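The exercises below are meant to be worked through with the sequence and the model open side by side. Each task is followed by a solution that goes step by step.

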Amino acid sequence: IGWSPAETAKSIQAEVKELSKARPFEPSPHIHKFTEVEEELADILICCLTELYARGCNVQQVLEAKIAYNAIRED
C-alpha cells in the first residue's frame with residue numbers, strides 16, 4: 001500500500017515547490033529537450049501516478065472516469 005494521504009500530499013507539495021521555482025523558458029538541466037517547468041510538471045505527474053499504482057488503482061480507468069466526470073460537472 002502507498003503512503004498515507006498526508007505523506008502523499010507532502011511529496012506532491014515538494015514537487016509543486018520545485019515547479020514554483022522553475023523558469024518557464026529555460027531548458028531543463030536534466031532533459032534538454034524540455035523546459036524546467038515541463039520537467040517539474042512531469043515530476044508531479046510521476047509522483048501522483050506512482051502513488052495510484054502503489055495503491056493498486058487502475059490508473060487508466062480512474063483517469064478516464066475523472067475526465068468524464070469533469071466534463072459534465074457544474075462548477
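**Exercise 1.** In which helix is Ile12 found?

*Solution.* Before starting, note that this is a predicted model, in which local features need pLDDT of at least 70 and side-chain atom pairs count only at pLDDT 80 or more, whereas totals for chains, interfaces and linings use all residues. Residues are numbered from 1 along each chain as its sequence is written, and side-chain values use heavy atoms, with hydrogens and water left out.

Step 1. Ile12 is found in helix H1, where helices are DSSP runs (H or I) of at least four residues, numbered from the N terminus.

Step 2. Ile12 counts as partly exposed because its relative accessibility is 22%; the scale calls a residue buried under 20% relative accessible area, exposed over 50% and partly exposed in between, with a 1.4 Å probe and protein chains only.

Step 3. When neighbours within four places in sequence are left aside, Ile12 is in contact with Ile44, Cys47 and Cys48, contact meaning heavy atoms within 4.5 Å. Ile12 and Ile44 are 32 residues apart along the chain, yet their C-alpha atoms are separated by 6.1 Å.

**Exercise 2.** Describe how helices H1 and H2 pack, and name the residues that make the contact.

*Solution.* Step 1. Helix H1 covers residues 5-21 and helix H2 residues 36-54, and the two pack at an angle of about 170° with their axes 8 Å apart. The axes are lines fitted to C-alpha atoms, for helices over the stretch in contact, and the angles run from 0 to 180 degrees between N-to-C directions.

Step 1. H1 is therefore roughly antiparallel to H2, given that angles over 145 degrees count as roughly antiparallel, under 35 as roughly parallel, 65 to 115 as roughly perpendicular and the rest as oblique.

Step 2. On the H1 side the contact is made by Thr8, Ser11, Ile12, Glu15, Val16, Glu18 and Leu19, and on the H2 side by Val37, Glu40, Leu41, Asp43, Ile44, Cys47, Cys48 and Glu51.

**Exercise 3.** How many salt bridges does a search of the whole structure find, and which residue forms a salt bridge with Glu36?

*Solution.* Step 1. The search finds 2 salt bridges, each being a side-chain nitrogen of Lys or Arg within 4 Å of a carboxyl oxygen of Asp or Glu.

Step 1. Glu36 forms a salt bridge with Arg23, and the closest N and O atoms are 2.6 Å apart. Because Glu36 lies in helix H2 and Arg23 in the loop between H1 and H2, the pair ties together parts that are 13 residues apart in sequence. Glu36 is buried, at a relative accessible area of 12%, while Arg23 is partly exposed, at 46%.

Step 2. Arg55 and Glu51 also meet through their side chains in a salt bridge, with an N to O distance of 2.8 Å. Here Glu51 is buried, at a relative accessible area of 8%, and Arg55 is partly exposed, at 41%.

**Exercise 4.** Which residues make the nonpolar surface patch of about 250 Å²?

*Solution.* Step 1. The patch is made by Val62, Leu63 and Ile67. Such patches consist of residues with over 30% relative accessible area and no salt bridge, where nonpolar side chains (Val, Leu, Ile, Met, Phe, Trp, Tyr) are joined within 5 Å and like charges within 9 Å; the areas come from the Shrake-Rupley method with a 1.4 Å probe, and for residues only the protein chains shown count as cover.

Step 1. Leu63 is partly exposed, with a relative accessible area of 41%, and Val62 is partly exposed at 32%.

Step 2. Not counting residues up to four places away in sequence, Val62 touches Leu52 and Cys57.
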